Amino acid sequence: AEPSKLPLVWAGFMKQNRLGLARSSPVLWCNAPAVASTTCRFNAGGLPQPGSSNGGYGYNWFGFATPANLFTTWQYGKGLIMVRTDSSAKYYAMNAPMAPLYSTDANGTPFSQFDAAPAAGGSPRWMNDCVNPGTAAFTTAEVLYPCFFRPDSTFSYQPAQADFCDKTGSC
């Protein structure tokens, strides 16, 4: 929907100090039994593959590393560069708040929270999730994809306060 904003290539596995490591992150979560006619692809109305499940998540994000100081989004200052689907590139500041606070900016950065431990500077703890249209939040029918990477995104998501209540415990 917005090729000049949607990331195509980014350092999604961050600055991991492991030689030869490469992995896409996030990835679609397609864990249904293999069926020749079953395709794994983004589905704006449900999970990416019929019969797949990950607790309502249509994706998997490889976001944690041990020790945490090996994993950071702060590659160029406090941000990283992303190539977008129209082939342009942009620097994104990775400036979500430190735990236990959460950002509700689902359009400006993929992450809603960073690790508060000093040794883990720039290590994200949570990705901004958006409930699929037509699915109910906080139910077994809920389907989530990362807001920032949805191909149908118009980058106008306004997460409801209720989306953050279960994470902060303050609502």
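A contact here means heavy atoms within 4.5 Å. By that criterion, among contacts in the protein chain between residues at least 6 apart in sequence, 54% join residues at least 24 apart. Please note that this is a predicted model.

Begin with the entire protein chain in a cartoon view. Switching to a surface view, one finds that the protein chain exposes about 8,900 Å², of which carbon and sulfur atoms supply 56%. Of its 171 residues, 39% count as buried.

Next, select residues 7-9 and 79-84, which are strands β1 and β4. These two strands pair in the antiparallel sense over two bridges. Within this pairing, Pro 7 stands opposite Arg 84 of β4.

Five bridges join β4 to β5, and the two run antiparallel. Here Ile 81 has Tyr 91 in β5 as its bridge partner. The hairpin of β4 and β5 has four residues between the strands, and in this hairpin Ser 87 takes a positive phi near 80°.

Is Ser 103 buried or exposed? Ser 103 counts as buried because its relative accessible area is 14%, and buried means under 20%. To finish, display the side chain of Ser 103: one of its polar atoms lies 3.0 Å from the backbone nitrogen of Asp 105.

Conventions
Residues are numbered from 1 along each chain as its sequence is written. This is a predicted model: local features need pLDDT of at least 70, side-chain atom pairs count only at pLDDT 80 or more; totals for chains, interfaces and linings use all residues. Side-chain values use heavy atoms; hydrogens and water are left out. Buried means under 20% relative accessible area, exposed over 50%, partly exposed in between (1.4 Å probe, protein chains only). Accessible areas come from the Shrake-Rupley method with a 1.4 Å probe; for residues, only the protein chains shown count as cover. A polar contact is a pair of N or O atoms within 3.5 Å; within protein, one must be able to donate a hydrogen and the other to accept it, and residues adjacent in sequence count only if both atoms are side-chain atoms. Two strands pair if DSSP finds at least two bridges between them.
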